[in-house]
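Please read it alongside the sequence and the model.

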Amino acid sequence: MSTRLEPLRDSSAVLADGDELARRMAADGYLFFPRLLPRRQLAAVRRRLLGYARDAGWLSPGAPLEEGVAEPSAFCVDPQPQYKATHHRMYTLEALHRLPHRRELLELFGRLVRPPVLVHPRPALRVVFPGGFTTSAHQDFPFVQGTTDTFTAWIPLMDCPRSQGVLELAPGSHTAGVLPVQPSLGPGGAEVVDGLSDWASGDLRLGDVLVFHSLTVHRTTANVSRRLRISLDCRYQSIHEPVNSSSLTLSGLGMSWEDLYRDWRSSRHRYYWRAMGPRVEAFDPSYLEQRDRMAIEMGERGDPRSLSALQRLAAHDEDPEKRALARRLLDRLPDAAGVDHLR
Ligand SMILES: O=C(O)CCC(=O)C(=O)O
């Protein structure tokens, strides 16, 4: 299928106009704000994260820390244990968790949703090696649930030209409801079944923020640079709308709030959502049942595209028999299937 790529529409000029922001979000499913955040603070967080990456041997010793040039022999992805160990260390950095609460973001989301704004307390930190798999086209809603009016701010922690692995969105795709998904390699292990032809993206810079609706289909380009791609997904909604229990726990990351907060100096951003009285809903697995059924069938045929979905089933499914089946199928995926470096 031929695809069309259009530049991102800059909404900086209407940043203070809540009605116009809502109109653009309703039409396009996204809003783009170049230079919304101060580069210096973001760069300071990136430097700390790169320090952890260097400690783990993820960086090429020949290049300056600042450049974040990846050591190819250290290549790893989630959920490999060596990836998780370093990612956990990075994730507990207090300064990282201050970013979603920045005034610029709270003011913006205070215009987009009915205040008070609930900042989801578990931002997603992405650290992506060159040559890793990309994030396939998906909607966040089946994973995040709660209200469909949950918005993500995609925040690169570095200059992110398209070659670095950058977000692409399908404008208007949020109007079609929740779309069926099938297994695919990469975070989430799922992609929307129907290919979309119209996308918006561009070269992003440190300080830029890309905001999108939970039903907007999005994906990332491959990181074909030499550097680690580091970015943060922060999610926001109105406290008056339901939030899913999975957004208020770190169990998917294999840690507890106590683990996260252990070395934090301030108590300001700890457990803040509890006093806001969120209306919490249980996770509904039915949105991902088709992916899981297909992953098992594909795993039985030895199809390597089932790998990421089977890994998620093996790690998180509530049914112990399904977890055991997923583990057996993962063990049986053929060595020659081209996915060994991913497991
Ligand atoms: O940065 C990525 O690779 C994926 C981001 C994403 O899918 C999200 O923000 O929901």
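1. A residue counts as buried if 20 or more other C-beta atoms lie within 10 Å of its own, as exposed if 12 or fewer do, and as partly exposed in between, with C-beta atoms placed from the backbone. The buried residues of H9 are Leu-307, Ser-308, Ala-309, Leu-310, Gln-311, Arg-312 and Leu-313. They pack against S7, strand S8 (190–192), helix H8 (289–300) and helix H10 (320–332).

2. Basis of the model. This is a predicted model, in which local features need pLDDT of at least 70 and side-chain atom pairs count only at pLDDT 80 or more, while totals for chains, interfaces and linings use all residues. Residues are numbered from 1 along each chain as its sequence is written.

3. Leu-313. This residue belongs to helix H9 and is buried, with 26 other C-beta atoms within 10 Å. Leaving aside residues up to four places away in sequence, Leu-313 touches Asp-292, Ala-295, Lys-322, Arg-323 and Ala-326. Two residues are in contact if their C-beta atoms, placed from the backbone, lie within 7 Å. From C-alpha to C-alpha, Leu-313 and Glu-6 are 36 Å apart in space, and they are 307 residues apart in sequence.

4. Overall fold. The chain contains ten helices and 14 strands; these are DSSP runs, numbered from the N terminus, with helices (H or I) of at least four residues and strands (E) of at least two. For 343 residues, a compact globule would have a radius of gyration near 20 Å, and the 19 Å of the chain agrees with this. That radius is taken over C-alpha atoms, and the globule rule is 2.2 Å times the number of residues to the power 0.38. Of the 343 residues, 41% count as buried. Among contacts between residues at least 6 apart in sequence, 78% join residues at least 24 apart.

5. Domains. The domain assignment gives domain 1 (4–283) and domain 2 (285–343); such bounds come from an automatic or database assignment. The contact takes 17 residues from domain 1 and 19 residues from domain 2. On the side of domain 1 that touches domain 2, strand S7 (residues 181–183) gives the largest share, three residues. The residues of that side divide into twelve nonpolar, five polar and no charged. Here Ala, Val, Leu, Ile, Met, Phe, Trp, Tyr, Cys and Pro count as nonpolar, Asp, Glu, Lys and Arg as charged, and the others, Gly among them, as polar.

6. Ligand shell. Arg-126, Thr-135, Asp-140, Thr-152, Trp-154, His-218, Thr-220, Ser-231 and Asp-233 surround the ligand; a residue is near a molecule if its C-beta atom, placed from the backbone, lies within 6 Å of it. Strand S5 (151–156), strand S11 (218–220) and strand S12 (229–238) are the elements that give two or more residues to this shell. By class, the shell has one nonpolar, five polar and three charged residues.

7. Arg-9. This residue is found in the loop between strand S1 (4–7) and helix H1 (18–28). Arg-9 counts as partly exposed because it has 13 C-beta neighbours inside 10 Å. Residues up to four places away in sequence aside, Arg-9 touches Asp-28 and Phe-32.
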